[in-house]
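This report covers a domain interface and a set of paired strands. The structure is shown first.

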Amino acid sequence: MSSPLRVLFLAAEASPLVKVGGLADVAGSLPAVLRELGNDVRVVLPLHPSLRELTHGATPIARFPIPTQFGAEEACAFQLTSKRFAAPLYLIDGPPLRGSDTVYHSYVEQDFSKYIFFSRAALELTRAIDWQPALVHANDWHTAAAIYWLQTAGRSDPFFAQVATLIAIHNLPYLGDGAANALAQYGFALSDHPRLPDWARDALLPLALAHADMITTVSPTYAAEIQTPEFGCGIEELLRSRADHVRGILNGLYPAAWDPSRDKSLVARFDATTLNRRARNKRALQQQFGLVDSPAPLLGIVSRLDRQKGLDIALPALAQWTEHGGQTIVLGTGNPDLEQQYRELAARDPARVAVALKFDAQLANRIYGSADLLLMSSRYEPCGLSQMIAMRYGCIPVVRAVGGLRDSVRDVARGRGTGFVFSEATPEAIFEALRRAQALFTQTRRWQALQRRAMRQDFSWRKSARAYVAAYREAIAFHNSIHD
Ligand code: GLC
């Protein structure tokens, strides 16, 4: 057994404390699993407005200055032990955080100072409490400045010189570009990395990608895709030049948190041996949303309604699906135009299409535990969690062969399948996959065998967490080899 690693894990959000997107699911679960493997992993989050009540009346464990162009700003750190969070947690406060009323603004420029301040303060916290990490694991552009700083200015700082770095990409198109002013404000020099395009010299994520000891992303397929022009967001050359340092590690989930035999939000709980009970959930959901009782399959969509998810492409396919008797239920919010188009789809045939344009975790679980199919027609999908949850609930995924969808769903045509996979992001390809599903659905015994196979898949974090530990060790070895 090798020695435990000290890892500082930086994120903008972590479930269940603060969640906007999929990053929160990872930051809320991976650190705890890494700890179970014997590592000393500690999480740092910004003290967002919604978290302030957690520190009410608490005494900070440290106060320390963060230098800026205009003098120092005082950072203040709280340590939190919460039953709701399974890893040691620090919350950082300071002027740019107090001036912000949300996790992410729609204008990203409004968030640069806040997250650069947070990234620097999270590092300085370790000095203030004299807990020197072996590695800092940052996630997405929000905390990328910590990695860039460690690999540049931090190299001549005795406390940080030995600290290895890892940047994890959860969603490449969010590059954090245009941060020149905020970078200057916190005294960062611009990078002269030869593969960094000029426009990306003030882009926070690319700066970290150019300099980090290790780059991870959340599925093996996405790790390859981001090195191509189609998915590389203009920095594919940079990523290709760093290919030896890129690892794709599929996200996991907590099996206990997604268990249809214990899920209280379901009308009827079930497992792989009592699949017939599932029909009661479907009937209850149909009744609630005014859908007719029909032997046709019910397709669920649980998603943000935005460009990434390809739900604009799905619309014509869903219209056809409805004409062929298929039913659809959509849960999600997002782009107002798209929301309107989905409302119209439902209005045309309310007995077959229902939409709930909101965020509702309980309803999401009820859809997983009721619907026969789940559609994910993403333009790109770094990993995706819904397809894995759906499989746990015997809801068969119909997915595009991109990123983590490709790595987690196996098409039935290949034998021992767990879902339906299509290649092209076109309505025709989506409809064709739905038709294949509809045909198999009529063969109850084969369908239930498919459901049981999907339910038995192991998407737990253990294997992936071990892959992270291996990546950490490689990063540390690399850092030492070039810094000794
Ligand atoms: C982002 C990606 C999603 C991934 C999640 C967690 O939200 O869009 O595919 O599952 O991050 O890594």
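## Domains and strands

The C-alpha centres of domain 1 and domain 2 are 34 Å apart in this predicted model. According to the domain assignment of the chain, domain 1 consists of 6-252 + 462-483, and domain 2 of 255-458. In the contact between them, 16 residues come from domain 1 and 14 residues from domain 2.

Together, domain 1 and domain 2 bury about 1,200 Å² between them. Carbon and sulfur atoms carry 59% of this buried area. On the domain 1 side, the residues that lose the most area to domain 2 are T221, F231 and L250, which together make up 33% of what that side buries. Helix α8 (residues 220-225) gives the most to the side of domain 1 that touches domain 2, contributing four residues.

What polar links does the rule find across the interface of domain 1 and domain 2? There are seven residue pairs in polar contact, both residues of each being at pLDDT 80 or more. Salt bridges across the interface of domain 1 and domain 2 number zero by the rule.

Strand β2 spans residues 40-46, and strand β1 spans residues 6-10. The pairings are listed below.

| Strand pair | Bridges | Direction |
|---|---|---|
| β1 (residues 6-10) and β2 | five bridges | parallel |
| β2 and β5 (residues 89-93) | four bridges | parallel |
| β1 and β6 (residues 135-139) | four bridges | parallel |

F9 in turn has a bridge partner in β6, which is H137.

How is β2 covered on its two faces? In a regular strand, side chains alternate between the two faces of the sheet. On one side of β2 lie D40, R42, V44 and P46, and on the other V41, V43 and L45; all of these are buried. The count for β2 is therefore seven buried residues of seven, at under 20% relative accessible area. β1 is mostly covered as well, with four of its five residues buried.

Notes: Residues numbered from 1 in each chain as written. Predicted model: local features only at pLDDT ≥ 70, side-chain atom pairs only at ≥ 80, totals over all residues. Heavy atoms only, no water. Buried < 20%, exposed > 50% of the residue type's maximum accessible area, 1.4 Å probe, protein only. Pairing = 2+ DSSP bridges. Domains from an automatic or database assignment. Contact = heavy atoms within 4.5 Å. Buried area = accessible area lost by both parts, 1.4 Å probe. Salt bridge = Lys/Arg side-chain N within 4 Å of Asp/Glu carboxyl O. Polar contact = N/O pair within 3.5 Å; in protein donor to acceptor, adjacent residues only side chain to side chain.
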